[in-house]
Amino acid sequence: MSDVRDPEGLADLLGDECVRTILVEAKKEPRSASELSDRAGVSEPTVYRRLERLREYDLVTEDIQPVTDGKNYKLYRTRLEGIELDLDEDGFEITISRRDRMRDRFMQFVEGP
């Protein structure tokens, strides 16, 4: 879990329908920007802009997928598991639960704290 230092920015980001579609579709399975563009009904440049903002909050990961013709392409996966919103005397605090890939958890186990 981690706290978000800019709750207003995150709330603004999650208020975007395209962002929500990207998160849902990339949670089902890793998707390319082209696939996300088709599913969200927006242009690829729009998807790339949203993916950049999602990466700023560490809500998506980017994996390189090798292809036989020598070119590689990127697949995006949602890390977001849940969001908790708390109100205290100082305002709102947002805590994000993220999904770690098995490979990442294994490396943390092997390398230790």
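A salt bridge is taken here as a side-chain nitrogen of Lys or Arg within 4 Å of a carboxyl oxygen of Asp or Glu. By that criterion the structure holds 13 salt bridges. The model is predicted: local features need pLDDT of at least 70, side-chain atom pairs count only at pLDDT 80 or more, and totals for chains, interfaces and linings use all residues. Residues are numbered from 1 along each chain as its sequence is written, and side-chain values use heavy atoms, with hydrogens and water left out.

The protein chain has five helices and five strands. Both kinds of element are DSSP runs numbered from the N terminus (helices: H or I, at least four residues; strands: E, at least two). Their order from the N terminus is β-α-α-α-α-β-β-β-β-α. The accessible surface of the protein chain comes to about 7600 Å². Carbon and sulfur atoms account for 49% of that surface. Areas come from the Shrake-Rupley method with a 1.4 Å probe; for residues, only the protein chains shown count as cover. Of the 113 residues in the protein chain, 32% are buried. Buried means under 20% relative accessible area, exposed over 50%, and partly exposed in between (1.4 Å probe, protein chains only). A contact requires heavy atoms within 4.5 Å. Among contacts between residues at least 6 apart in sequence, 48% join residues at least 24 apart.

Helix α4 covers residues 44-56. Its 13 residues should span 18 Å at 1.5 Å a residue, and its end C-alpha atoms are 18 Å apart, which agrees. The expected span is 1.5 Å times one less than the number of residues. The buried residues of α4 are Thr46, Val47, Arg50, Leu51 and Leu54. Seen down the helix axis, they fall within an arc of 135°, so they line one face of α4. The arc is that of the directions from the helix axis to the C-beta atoms. These buried residues pack against α1 (7-14), α2 (17-28), α3 (33-40), β2 (60-66) and β3 (72-78).

Helix α1 also has a buried side. Pro7, Gly9, Leu10 and Leu13 are buried in α1. They cover an arc of only 160° around the axis, which puts them on the same side of the helix. Glu8 and Asp12, on the other side of α1, are exposed.

In soluble globular proteins, nonpolar side chains tend to be buried together. A nonpolar core is defined as a set of buried Ala, Val, Leu, Ile, Met, Phe, Trp, Tyr and Cys residues joined through side-chain atoms within 4.5 Å. The largest such core has 19 residues. Leu10, Ile22, Leu23, Leu36, Leu51, Leu54 and Leu59 have the most contacts inside it. The elements giving two or more residues to this core are α1, α2, α3, α4 and β5 (91-98). Helix α2 gives the most, with five residues. Leaving aside neighbours within four places in sequence, Leu59 is in contact with Leu10, Leu23, Leu54, Arg77, Thr78, Arg79, Leu80, Ile96 and Arg98.

Side chains of opposite charge can pair when their charged atoms come close. Arg39 forms a salt bridge with Glu25, the closest N and O atoms being 3.4 Å apart. The pair links distant parts of the chain: Arg39 is in helix α3 and Glu25 in helix α2, 14 residues apart. Arg39 is partly exposed at 45% relative accessible area, whereas Glu25 is buried at 12%. Both residues belong to a network of salt bridges that links Glu25, Lys28, Glu29, Arg31 and Arg39.

Glu81 and Lys27 meet in a salt bridge with an N to O distance of 3.2 Å. Glu81 lies in strand β4 (residues 80-88) and Lys27 in helix α2, 54 residues apart. Glu81 is partly exposed, with a relative accessible area of 44%. Lys27 is likewise partly exposed, at 37%.

A further salt bridge joins Arg79 and Asp58, whose closest N and O atoms are 2.4 Å apart. Arg79 lies in the loop between β3 and β4 and Asp58 in the loop between α4 and β2, so the pair ties together parts that are 21 residues apart in sequence. Arg79 counts as buried at 12% relative accessibility, while Asp58 is partly exposed at 33%. Asp58 follows α4. Its phi is positive, about 60°, although Asp58 is not a glycine.
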